[in-house]
Amino acid sequence: MKRNQWMLAGASLLLAGSLAGCASSNNTNAEAEEGNAAAGQTKLVYWSIDRHDSDFIEQKISEYEGLNPDVDIEFKVMADNYAQSVDIAFSSKQAPDILRVDTGNVPTWVKKGYLESFDDYITPEMKSRFESILINEKNTVDGKIYTLPNIGQFWRLIYNVDLFEQAGITEPPTTLAEMVEDAKKITEVGKASGAYGLAGNFKSGSGFERIAHPITTLSKAEGQEGFNFQTGQFDFGMYKETLEALRQIVEDGSMMPGSESLDIDPLRAQFAQGKIGMYFNHSVEPSVYKTQFPTEIRWAAALPPTIDGQQNGASQVISGSYLAMSKDSANKEAAWKFIEWMYSDDVQTAYQEGGYGVSVIPSVAAAAKAPDIPGIEYFLPTKFDGIYPATPFGATEGRLEGTKKMDVFNRYIFTGGDLDKEIQDLNTRYNAALEKAVAAGDTTVEAQPDFNAANLQGSLVIE
């Protein structure tokens, strides 16, 4: 294995380096492959954007090369401008054989002709392992598989056990009303020492979503990201109860002051110091408190509360894509064999047990042990977690006229207003933008009248 981690400042450096390499060697892809064949090895080039797991990947590549001495894998970690680097690589005929692909890139890269479908390579047995978690426009395009998922973000309510006990609270909230009341109780006993019931990183565009998406998707059955799959239209009314609860927490004085301008790391630092009773985030948090913000407080996590205590949907798991194969690869069979091995239960189980992420593959979730990270047990898959279909939110907001939903919601949470009027206005403007996105071919998402998020329950675990 050749290890080559690239920390590029921009795609232009890649282009310059690529052209210089071409000028000095005057080799085409075919000539390079011929040289490898003469050496008795098949060379594969593997690009990734992930740095956190590069040591694990390098270890597994070495292991694979030991099992397959006729294969040499060159692994490169791309730090910046990954999508631009991929564009340049394909246009200059220097594309890698194997690519780490992000969910948002899959439809675009398929349309550009970058990706080879897995359909002619994947076995029925392997396909069955992933059937329950394949998502259109995340893994498949026009019915063909281009990538498979591996890990996901499992969202939870994270809470300070010490503050809960001080406030006389014995269990995490299971309803929005309980969350509002618990935040008030914690603030009453903790305010003197600077502790508050709830905080959110509302400076970020995802601040509201980190709270609302887990609550709403577990509470309701029709959609996510404000998109109703049943009607094929945006309906931000699905957030109404959560918005009203957050507004009430602000009015009660139970929201940490300054939350409207808080980023996630400062929030974590405050939580680690015992100043926050509750907040929402995903399965990366145990690693954060093990390494980045070591803490002596007792903390735990639980499934998000719901509107009325009923779990009518499934808590949204953000997942989608992992490895893809280049359509330009001269060694597709060899590339596929390596991809197949990387997706094996053995490798993916080791990935989770090593603490690199929580798997969404049901067979892995059933076999893998929890990694040695305190608190990770709270984030392992349950029957109430599920991966939702892709929504047209990104394509729609790119054509939106007027204020974005995040700004509207944050303004309501911290200053109040006529929520029904705001929701109606958002619905009108987002659905008008959706109509434009559909007409332009930016999205192919259609109404699914039979969609029911409750059917996602149990999809990530083998009982």
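The expected span of a helix is taken as 1.5 Å times one less than its number of residues. Helix H9, residues 207–219, has 13 residues and reaches 19 Å from its first C-alpha to its last, which is close to the 18 Å expected on that basis. The model is a predicted one, and the values below are computed from it.

**Helix H9**

- Although the end-to-end reach of H9 is close to the expected 18 Å, the helix has a kink of about 30° at His-213, shortly before the proline Pro-214.
- H9 is mostly covered, with twelve of its 13 residues buried; among them are Phe-208, Arg-210, His-213, Pro-214 and Thr-217.

**Nonpolar cores**

- The largest nonpolar core has 54 residues, and within it Phe-208 and Met-278 touch the most other members.
- Helix H18, residues 419–439, gives the most to this core, contributing six residues.
- Setting aside neighbours within four places in sequence, Met-278 is in contact with a set of residues that includes Leu-157, Tyr-159, Phe-164, Met-179, Ile-186 and Leu-198, and the contacts of Met-278 also include the charged residue Asp-182.
- Another core, of 44 residues, lies apart from the largest one, and its members include Phe-56, Ile-57, Val-77 and Ala-335.

**Salt bridges**

- Side chains of opposite charge can pair when their charged atoms come close; with a cut-off of 4 Å between a side-chain nitrogen of Lys or Arg and a carboxyl oxygen of Asp or Glu, the count comes to 22 salt bridges.
- In helix H10, residues 240–251, Glu-251 and Arg-247 meet in a salt bridge at 3.5 Å, N to O, and because the two are four residues apart in that helix, they are separated by about one helical turn.
- Arg-247 has a relative accessible area of 13%, so this residue is buried.
- Asp-425 and Arg-429 form a salt bridge whose closest N and O atoms are 2.9 Å apart, and they are separated by about one helical turn because they lie four residues apart in helix H18.
- Within that pair, Asp-425 is partly exposed at a relative accessible area of 34%, whereas Arg-429, at 16% relative accessibility, counts as buried.
- Arg-399 and Asp-442 meet in a salt bridge at 2.6 Å, N to O, and this pair links distant parts of the chain, with Arg-399 in the loop between H16 and helix H17 (405–415) and Asp-442 in the segment after H18, 43 residues apart.
- Arg-399 is partly exposed, with a relative accessible area of 34%, and Asp-442 is likewise partly exposed, with a value of 40%.
- Lys-43, Glu-74 and Lys-76 are linked in a network of salt bridges.

**A buried charge without a partner**

- Glu-397 has its place in helix H16, residues 393–397, and is buried yet has no salt bridge.
- Leaving aside neighbours within four places in sequence, Glu-397 is in contact with Lys-404, Lys-405 and Tyr-430.

**Positive phi in loops**

- Lys-93 lies in the loop between helix H4 (82–91) and strand S4 (98–100), and its phi is near 60°, a positive value in a residue other than glycine.
- With a relative accessible area of 23%, Glu-225 is partly exposed.

- Asp-120, in the loop between strand S5 (115–116) and helix H6 (124–130), counts as exposed at 73% relative accessibility.
- Asp-120 and Lys-144 are 24 residues apart in sequence and 9.8 Å apart in space, C-alpha to C-alpha.
- Glu-125, in helix H6, is exposed with a relative accessible area of 65%.
- Glu-125 and Thr-217 are 92 residues apart in sequence and 31 Å apart in space, C-alpha to C-alpha.

Conventions:
Residues numbered from 1 in each chain as written. Predicted model: local features only at pLDDT ≥ 70, side-chain atom pairs only at ≥ 80, totals over all residues. Heavy atoms only, no water. Buried < 20%, exposed > 50% of the residue type's maximum accessible area, 1.4 Å probe, protein only. Contact = heavy atoms within 4.5 Å. Bend = angle between axes of the 7 residues up to and from the residue. Core = buried A, V, L, I, M, F, W, Y, C linked by side-chain atoms within 4.5 Å.
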